[in-house]
Amino acid sequence: MDFGLLAKEYGTPLYVYNADQMHQKIRAILDIPYRPMAVHFASMCNSTPGILDFFLRHHIKLFVNSPKHLFLGLDVGFAPEEIIFTGTNLNDSDFEAVIRTGVTLNVDSLGQLDAYCRANPGGAVGLRVNFDFRVPANHGGVFIGHESRIGIFEAEFAAAKQIAARSGVKLNGVHAYLGTDIMNVQTFIQGTAEVLRLARHFPDLEYVDLGGGFGIPSRLNEGEFPIAEYKHAIAGLMTAFAHETGRPVKLVLEPGRWLIADSGYLLTRVVDVKSRENRTYIGTDATVSIFPRPLLYEDAYHEVTVWNKEHAAPQAVPACICGNTTYSRDYLAKDRFLPQVTAGDLLVLHNAGGYSVSVITDFLGRLRPAEVLVENGQVQMLRPRETIQRLDKAALHRKG
């Protein structure tokens with residue numbers, strides 16, 4: 001992919017998505033030898049409408065956790081039966097939106113189950129379950145176990161059944177999320193085995209919904225998540241479970257970042273270089289507010305390469321890649337050993353496809369970058385660059 005040509009044509013900063021890389025991930029995961037099975041892309045990872053449309057066109061369904069993303073998905077073209085909504089602390093209007101649209105819903109507490117049952121007697125709902133489980137790679141939060149705020153424990157299942165029975169509601173699914181950035185398949189096998197054990201409590205079970213969390217290598221020389229090993233392991237577990245229960249329980253997977261992170265890139269131009277005794281500061285036309293992962297996740301690591309200098313020898317002192325605001329934490333990357341750069345050079349930040357665009361903030365006042373998708377050699381504009389002119393027109397319209 002010619003990043004230099006893309007930057008010249010569309011300007012910087014610029015988000016670029018490589019459709020060919022996403023195709024490979026899609027083919028790999030849809031090839032799981034178990035049916036019925038569906039893969040739902042998590043919209044909070046990247047909610048750009050053109051990206052959601054890409055997944056829709058390639059037989060990937062949608063996972064959401066807010067009414068805004070629910071209606072965004074419907075507007076893009078997903079059918080209600082192609083959307084799963086897993087919520088926590090939903091209010092009456094949230095429940096109304098979910099029930100009215102007819103999408104699949106998972107709730108995460110007895111109180112939320114009771115609220116759903118009162119709002120939709122005779123309906124069906126899944127439960128997000130929780131259990132003690134140690135995940136070694138839970139970066140950035142607690143997703144499971146007694147320290148997690150989300151999910152229903154096995155000791156609460158009897159009460160859940162009573163609440164559902166009073167309103168004629170069917171408990172037809174279980175959902176669990178083990179964590180994020182997990183590279184060890186055995187972690188998924190052990191966690192899934194426990195989810196399936198808990199799922200045996202529910203005689204009306206129709207689906208088992210396993211959240212994503214497949215790891216993405218942070219560095220260019222690291223190994224990929226062993227998806228082939230995972231596919232055969234999960235298929236074996238689900239096949240045995242279906243035989244035991246005597247019915248074809250649907251497998252639902254919800255990979256977000258794994259499907260898109262390493263297919264996305266942020267391109268940014270060097271505008272200034274400051275040399276210090278033991279460090280170089282490389283100033284760019286981007287900012288941490290439009291590439292927020294380093295701000296949100298302290299352990300986030302993104303490779304940085306210099307376009308057309310990939311094979312040049314690195315400098316002896318480390319470089320910090322800085323944004324174009326005076327915010328003291330405006331660093332896109334720290335302590336990288338890069339070739340010598342000068343103003344005008346193009347930097348490529350890797351693994352920018354997930355939890356980057358979707359968490360852009362107006363905090364630092366910099367304009368939102370354009371996004372493009374490159375598919376079969378063709379470039380599709382997904383979102384035009386925000387401009388001062390557009391903001392001026394909006395302000396004049398408000399005054400008028």
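User: How many aromatic pairs does a search of the whole structure find?

Analyst: Searching the whole structure of this predicted model gives 15 aromatic pairs. One of them joins F95 and Y116, whose rings are tilted, with 6.5 Å from centre to centre and 50 degrees between the planes.

User: Where do F95 and Y116 lie?

Analyst: F95 belongs to helix α5 (residues 92-101), while Y116 belongs to helix α6 (residues 110-119), so the pair ties together parts that are 21 residues apart in sequence.

User: And is F95 buried or exposed?

Analyst: F95 counts as buried, because its relative accessibility is 2%, and Y116 also counts as buried, at 4% relative accessibility.

User: OK, what about F214 and F225, how are they arranged?

Analyst: F214 and F225 form a stacked aromatic pair, with 4.9 Å from centre to centre and 10 degrees between the planes. Both F214 and F225 lie in the loop between β8 (207-211) and α9 (227-245), so this pair ties together parts that are 11 residues apart in sequence. F214 is buried, with a relative accessible area of 5%, and F225 is buried as well, with a value of 4%.

User: Which residues form one aromatic cluster with F214 and F225?

Analyst: F214 and F225 form one aromatic cluster together with F188, Y230 and W258.

User: New topic: which residue lies over the face of W258?

Analyst: That residue is K25, which lies over the face of W258 at 4.6 Å from the ring centre. In another such arrangement, K161 lies over the face of F202, at 5.7 Å from the ring centre.

Note on methods: Residues numbered from 1 in each chain as written. Predicted model: local features only at pLDDT ≥ 70, side-chain atom pairs only at ≥ 80, totals over all residues. Heavy atoms only, no water. Phe/Tyr/Trp six-rings, centres within 6.5 Å; stacked < 30°, edge-to-face > 60°. Helix = DSSP H or I, 4+ residues; strand = E, 2+ residues; numbered from the N terminus. Buried < 20%, exposed > 50% of the residue type's maximum accessible area, 1.4 Å probe, protein only. Lys NZ or Arg CZ within 6 Å of the ring centre and 35° of its normal.
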